Amino acid sequence: TKAPPTDFLLGPFRDLLRGLDAVLLRGLRSLLLVGAGLVAGWWVYVPAHELLHALGCWLAGGEVSRLEIDPIYGARFLAQLFPFVAPGGEYAGRLSGFDTHGSDWIYCMTDLAPFVLALFPGFWGLRRAARAGRAVAFGASLPVAFAPLLSLTGDAYEMGSLAVVHLPAWRARRELV
């Protein structure tokens with residue numbers, strides 16, 4: 001039988017709730033382990049997400065000159081590896097210096113690159129951890145799996161605005177991007 005169209009939208013939330021049911025069998029201890037995994041996963045995901053923005057820009061033909069990452073996410077160490085990483089900024093991470101050479105394709109690839117992780121290892125890891133009852137791994141996979149949802153007001157907005165400014169009625173509205 002064919003799955004209803006709502007499965008596409010509701011499936012991830014069902015996976016989340018089923019996974020929580022599976023890993024919370026030990027009660028409060030399991031919930032604390034999920035929380036610890038979530039914190040650890042977030043700490044790793046933030047710089048990985050931002051570095052993937054830079055990689056997406058570079059692979060699509062753009063240039064990267066500045067990527068701000070909060071020092072709490074290891075920015076000082078990353079600055080030693082990548083000359084464009086700068087510790088600090090207003091946000092946890094932000095690609096503040098990049099040149100798309102005026103190409104919306106490069107801009108879109110810059111925004112889209114981190115979300116390849118949502119399916120693998122994101123939801124793959126989430127489901128695997130749930131089946132095995134591994135609370136820490138389940139928590140650690142949450143930021144990766146749900147990154148597209150968490151980015152609705154950020155990266156997803158930018159990608160949507162890039163699409164909208166190509167519609168005839170909005171062509172002259174580049175300030176939306």
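The model is a predicted one, in which local features need pLDDT of at least 70 and side-chain atom pairs count only at pLDDT 80 or more, while totals for chains, interfaces and linings use all residues. Residues are numbered from 1 along each chain as its sequence is written, and side-chain values use heavy atoms, with hydrogens and water left out.

To start with the big picture, the protein has 8 helices and 3 strands, where helices (H or I, at least four residues) and strands (E, at least two) are DSSP runs numbered from the N terminus. Read from the N terminus, the elements come in the order α-α-β-α-β-β-α-α-α-α-α. The C-alpha trace spans about 55 × 50 × 25 Å along its principal axes. Of the 177 residues, 37% count as buried; buried here means under 20% relative accessible area, with exposed being over 50% and partly exposed in between (1.4 Å probe, protein chains only). A contact means heavy atoms within 4.5 Å. Among contacts between residues at least 6 apart in sequence, 63% join residues at least 24 apart.

Next comes the sheet. Strands of a sheet pair through backbone hydrogen bonds, either parallel or antiparallel. In this model, the 3 strands make an open sheet in the order β2-β1-β3, with mixed pairing; two strands pair if DSSP finds at least two bridges between them. At the edges stand β2 (85-87) and β3 (93-99), each with a single partner strand, so one side of each has no neighbour in the sheet. From one strand to the next, the twist averages 20°. Strand β1 (residues 63-69) runs parallel to β2, and 3 bridges join them. β1 and β3, in turn, pair in the antiparallel sense over 6 bridges. E68 has A86 as its bridge partner in β2, and E68 also stands opposite R94 in β3. Helix α2 (residues 28-60) packs on this sheet and touches β1, β2 and β3, its direction making about 10° with that of β3. Such axes are lines fitted to C-alpha atoms, for helices over the stretch in contact, and the angles run from 0 to 180 degrees between N-to-C directions.

Helix α4 (residues 104-112) has D104, I106, Y107, T110 and D111 as its buried residues. Seen down the axis of α4, they fall within an arc of 160°, so they line one face of the helix; the arc is that of the directions from the helix axis to the C-beta atoms. What covers them includes α2, β3 and α8 (155-164). D111 has a relative accessibility of 3%, which is why D111 counts as buried. Leaving aside residues up to four places away in sequence, D111 touches H53, D155, E158, M159 and L162.

Further along sits helix α5 (residues 118-132). With 15 residues at 1.5 Å each, α5 should span 21 Å, and its end C-alpha atoms are 20 Å apart, which agrees; the expected span is 1.5 Å times one less than the number of residues. α5 bends by about 25° at G125, the bend being the angle between axes fitted to the seven residues ending there and the seven starting there. G125 is also one of the buried residues of α5, together with A118, G122, F123, L126, A129 and A130. Their cover includes α1 (6-23), α6 (135-145) and α7 (147-150). Just after α5, G133 takes a positive phi of about 70°.
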